[in-house]
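Subject: Structure handover

Hello,

Here is the structure I said I would pass on. Please open it beside this email and follow along.

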Amino acid sequence: MIIIMNINKDSTWEELTPGGTIYDAGNAREFKTGDWRSAKPVFNSDLCKQCGLCFPVCPDDAIPVGKDMARGDFNYDYCKGCGVCAKVCPFKAITMEEEEK
Amino acid sequence: MSIRERLSGNEATAFAMKQINPDVVAAFPITPSTEIPQYFSTYVANGQVDTEFVAVEGEHSAMAACIGAEAAGGRAMTATSSQGLAYMWEMVQIASSSRLPIVMPLINRAISGPLNIHCDHTDAMASRDCGWIMLFSEDNQEAYDNMIMAHRIAEHKDVMLPLMVCQDGFITSHSIENIELIEDDIVKEFVGTYKPAHYLLNKKEPIAVGPMDLQPYLTEHKKQQAVAMENAKIVIKEVSEDFEKMTGRKYDFFEGYKLEDAEYVIVCMNSTAGTVKETIDKLRELGVKAGLLKIRMFRPFPGEEIAKALSNAKSVAVLDRVPLVSATGGPLYEDVVSGMFVEGINVPTINYTYGVGGRDVTVEQIEKVYADLQGLKDMKEPYRFLGLKSK
């Protein structure tokens with residue numbers, strides 16, 4: 001039996017699952033954690049050589065990579081701004097900026 | 001036909017576990033509960049059960065292994081006492097909040113220090129609000145019977161809470177008494193198989209157990225636990241009635257002994273009830289209307305029912321088998337009197353700490369309590385020691 005979970009911060013005690021058990025796999029995708037960020041990586045595609053060093057070090061899979069193994073711009077829904085990618089980039093194609101919002 | 005045997009409380013408990021035949025038993029030895037996993041591991045070695053026995057390195061791990069096994073969809077059990085329960089305390093609450101109906105015999109023992117290995121109820125009382133159902137047992141028969149009823153209560157879909165079966169360390173755990181056992185096949189039918197609605201090893205429904213539960217959710221999950229505890233009252237009644245049909249042995253939230261017309265009532269739990277009954281018989285011959293209210297179901301606490309049962313008494317003494325070190329009453333006393341307060345019943349009720357660290361409780365001491373109750377003039381001295389040596 002697959003239960004479709006529809007739980008949010010206004011759910012009542014009658015609506016929550018017992019013990020908070022999550023009856024659904026892969027649902028971390030629905031939990032957008034990018035708003036935890038205080039610093040933001042900015043991608044400069046002109047400087048990027050597609051060397052492939054940045055995306056393996058991202059702890060949150062926030063750097064999308066296409067079938068051609070080329071990276072795209074950051075997925076800010078999940079990027080927490082740790083800055084590891086900016087540190088490993090040999091070409092200064094990633095710069096960290098203060099999050100404004 | 002039932003089987004007549006002579007078993008200690010620990011043997012009777014281990015025997016019940018053999019008949020229940022759980023999927024996993026994870027336990028660590030600690031006096032006085034050590035014999036339970038010891039006997040049980042013999043059953044495992046002899047191939048008399050199908051259980052996976054996990055010889056863990058401590059009680060924290062014992063409860064953690066039970067949590068994992070129960071979440072996976074199995075039936076898991078352990079047993080402990082005193083410091084063992086203290087050491088697993090963290091996981092005890094993970095079990096209840098994750099709604100895993102683990103069953104654990106708790107062989108009551110003092111909590112150190114100074115170091116003591118003998119009976120009192122400090123271990124149980126220190127865990128009384130951990131969200132577990134707690135049943136108490138006067139003798140070996142009650143300990144066995146509570147074990148047989150445990151899974152039906154804990155695993156009920158409206159409950160899904162872990163359950164402790166308490167009995168007095170050494171006093172009943174190591175005393176051999178006559179006991180009536182139920183045949184294996186009848187126990188098997190009564191206990192049934194565990195069929196959880198959701199479990200980790202169900203490949204058709206991948207689930208996550210024990211997630212983060214921040215400000216928007218924890219209050220509501222605790223409300224669910226509170227409702228489950230309320231539901232447990234109904235289920236305990238139903239299961240006890242079914243058990244009575246099967247064995248003829250009647251169990252309720254509490255047992256009254258000569259309680260109906262009693263003017264002076266003692267409230268207590270576990271083995272001391274036997275001493276109180278003996279004393280009541282003596283006093284009744286002298287014309288003293290003494291009575292007993294022995295609590296079997298401590299969590300959920302039947303405050304309303306207890307208050308009503310005590311409403312016609314002239315005075316009541318609640319015996320707490322824990323040290324009173326809080327400058328107020330003991331845990332059992334506070335639960336009883338708050339039940340009375342809520343029901344608007346105002347019977348003078350005093351509190352004794354007794355039997356701490358295995359101190360023997362005698363008929364003479366219980367007679368002293370009934371004498372105090374008969375002479376009770378006011379509530380100037382509500383918190384008292386029983387059997388204290390003083391100048």
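What pLDDT does chain B average, and what share of its residues score at least 70? Keep in mind that this is a predicted model. Chain B averages a pLDDT of 97, and 100% of its residues score at least 70. For the model, the scores are ipTM 0.89 and pTM 0.92.

Chain A

Chain A has 2 helices and 2 strands. Their order along the sequence is β-α-α-β. The radius of gyration of chain A is 18 Å, whereas the globule rule gives 13 Å for 101 residues; chain A is therefore more spread out than a compact globule. Its C-alpha trace spans about 55 × 35 × 15 Å along the principal axes. Of the 101 residues in this chain, 16% count as buried. If you take the contacts in chain A with a separation of 6 or more, 61% of them are between residues 24 or more positions apart.

One residue to look up is A:Cys58. It sits in the loop between helix H1 (54-57) and helix H2 (84-88) of chain A. Is A:Cys58 buried or exposed? A:Cys58 is buried, because 21 other C-beta atoms lie within 10 Å, and the cut-off for buried is 20 or more. Setting aside neighbours within four places in sequence, A:Cys58 is in contact with A:Ile63, A:Val84 and A:Cys85. A:Cys58 and A:Cys85 are 27 residues apart in sequence, while their C-alpha atoms are 6.4 Å apart in space.

Chain B

The part of chain B to look at is an open sheet of 6 strands, with mixed pairing and the order S9-S11-S10-S13-S14-S15. Which strands are at the edges? They are strand S9 (254-257) and strand S15 (383-385) of chain B, and each of these pairs on one side only. From one strand to the next, the twist averages 25 degrees.

How many residues of S13(B) are buried? The count is 5 of its 6 residues, so the strand is mostly covered.

Helix H12 of chain B (residues 363-374) lies across S10, S11, S13 and S14 of chain B. Its angle to S10(B) is about 130 degrees.

Where the chains meet

How many residues of chain A are in contact with chain B? There are 13, and they are in contact with 18 residues of chain B. The side of chain A that touches chain B has 8 nonpolar, 4 polar and 1 charged residues.

Regards

Notes: Residues are numbered from 1 along each chain as its sequence is written. Chains are lettered from A and ligands numbered from 1 in the order in which they are written. This is a predicted model: local features need pLDDT of at least 70, side-chain atom pairs count only at pLDDT 80 or more; totals for chains, interfaces and linings use all residues. pLDDT is the predictor's confidence in each residue, from 0 to 100. Helices (H or I, at least four residues) and strands (E, at least two) are DSSP runs, numbered from the N terminus. The radius of gyration is taken over C-alpha atoms; the globule rule is 2.2 Å times the number of residues to the power 0.38. A residue is buried if 20 or more other C-beta atoms lie within 10 Å of its own, exposed if 12 or fewer, and partly exposed in between; C-beta atoms are placed from the backbone. Two residues are in contact if their C-beta atoms, placed from the backbone, lie within 7 Å. Two strands pair if DSSP finds at least two bridges between them. Axes are lines fitted to C-alpha atoms, for helices over the stretch in contact, and angles run from 0 to 180 degrees between N-to-C directions. Ala, Val, Leu, Ile, Met, Phe, Trp, Tyr, Cys and Pro count as nonpolar, Asp, Glu, Lys and Arg as charged, and the others, Gly among them, as polar.
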